[in-house]
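Thanks for coming. Please have a look at the structure on the screen, and then I will go through a few points about it.

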Amino acid sequence: EATDAPAMRELLGEDAPTNWGKWGPDDELGCLNYLDAKEVLRGVRHVRSGQVFTLQIHMGRTDGPGDPLWPGREGIQRQNVLDESTWDTTAAPSFPGGLHYADDTALIFLQGSTQYDALGHVWYDGKLWNGYDARSTVGGMHKASVLPIAEKGVVGRGVLIDMARHRGKQWLDKGETFDHNDLEEAARAQGVTIEPHDILCIRTGWLKYWYDLNDPEKFYEGFCEPGLTYSRDLVEWFRDKEIPNLVTDTIANEVTNEPDTGVALPLHCALMRNLGVTLTEIAWLDDLAEACAADGRWSFLYAAAPLKVVNGTGAPVNPVAIR
Ligand code: UVW
């Protein structure tokens, strides 16, 4: 590994806060366990106007910069294999009555759109969430895959913190950071409280930047997304608030490189691997934010279920916010 940054263990500490074992030795849901029926009903109480917002980005848009992706991944390759022009020349089965239909196939990175990460998606020191051996990822995730999340479904009270709006910007800058104190301050300014067990949605404007900029080369130059930055206090804040799910409009939920040490994605390890907080990335929050800003209500019913990919490292999702 070509880096002079300290090892993840050194940054997070030998005594890093964890929730390993909290829900038993076989747990694969982590903090999503907090989302019980009571939490669903708490979420439902925040539906007032009946407005529905779908939070997935388009998959495979061709009229702009393409899909925003973590470096090294590719966007969906959707292929039409059967349509009206090929119907007569392919070996399509024929059915009585003259029915025709179209079929597609798709090659996708499971992390290549708005997505839920499996709890075992990242690790360090050879151990995943709950202490599972990292070798259980070989050939597919045999522990802490996305499937248990998909089976459960994620439903509860969502709260949106609009950091870009709070800072008076269209979008945060490359590498711009914020922490739990900034979230609390923005929440106060918005007139909302981040409550225990809230599905925490954070808007940075970064996806709007991707589409408006329409220049992938510039976007990826010195790639460093804005976002939450690691501190022990921040991790303890997540633990004490019992946040089940972090949802952002960035590709990887946190500032790409921790500014002091340069370590990449330490919160993936501190929040997901250690605490069991589920991460949802590349969520389109702009339309929801507009509606929240218009009437000053920043909480809503949040519901999402990623695709049931057996042994999957993650899965695309189209979350729904109802307010
Ligand atoms: C990585 O795991 C590198 O990124 P993400 O969580 O965005 O999929």
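How do the residues of the shell around the ligand divide into nonpolar, polar and charged? Before I answer, please keep in mind that this is a predicted model. The shell has five nonpolar residues, four polar ones and three charged ones.

Now the names. The ligand is surrounded by W70, R73, Q111, Q115, D117, H121, V122, I251, A252, L265, H268 and E281. As for where that is, the ligand sits in the largest pocket.

Next, some distances from these residues to the ligand. In H121, a polar side-chain atom is 2.8 Å from an oxygen atom of the ligand. For D117, an N or O atom of the side chain lies 2.9 Å from a ligand oxygen atom. I251 uses its backbone: an N or O atom there is 2.9 Å from an oxygen atom of the ligand. How much of the ligand does the protein cover? On its own, the ligand has 260 Å² of accessible area, and the protein covers 90% of that.

On to empty space. Rolling a probe the size of a water molecule over the atoms shows where such space is left. The structure holds one cavity of 30 Å³ or more, and the volume of the largest cavity is about 30 Å³. Its lining consists of F178, I202, T204, P226, G227, L228, T248, T250 and N253. By type, four residues of this lining are nonpolar, five are polar and none is charged.

Last, the domains. Domain 1 is made of 24-68 and 111-322, and domain 2 is 77-107. How far apart are the centres of domain 1 and domain 2? Taken over C-alpha atoms, the two centres are separated by 37 Å.

Key
Residues are numbered from 1 along each chain as its sequence is written. This is a predicted model: local features need pLDDT of at least 70, side-chain atom pairs count only at pLDDT 80 or more; totals for chains, interfaces and linings use all residues. Side-chain values use heavy atoms; hydrogens and water are left out. A residue is near a molecule or strand if one of its heavy atoms lies within 4 Å of it. A polar contact is a pair of N or O atoms within 3.5 Å; within protein, one must be able to donate a hydrogen and the other to accept it, and residues adjacent in sequence count only if both atoms are side-chain atoms. Accessible areas come from the Shrake-Rupley method with a 1.4 Å probe; for residues, only the protein chains shown count as cover. On a 1 Å grid over the protein atoms alone, a cavity is a set of points where a 1.4 Å probe fits but cannot get out, and a pocket is an open set with protein on both sides within 12 Å along at least five of seven lines; lining residues have an atom within 4 Å of a point. A molecule sits in a cavity or pocket if more than half of its atoms lie within 2 Å of its grid points. Ala, Val, Leu, Ile, Met, Phe, Trp, Tyr, Cys and Pro count as nonpolar, Asp, Glu, Lys and Arg as charged, and the others, Gly among them, as polar. Domain bounds come from an automatic or database domain assignment. Grid points are joined across faces, edges and corners, and a volume is the space filled by probe spheres set on the points.
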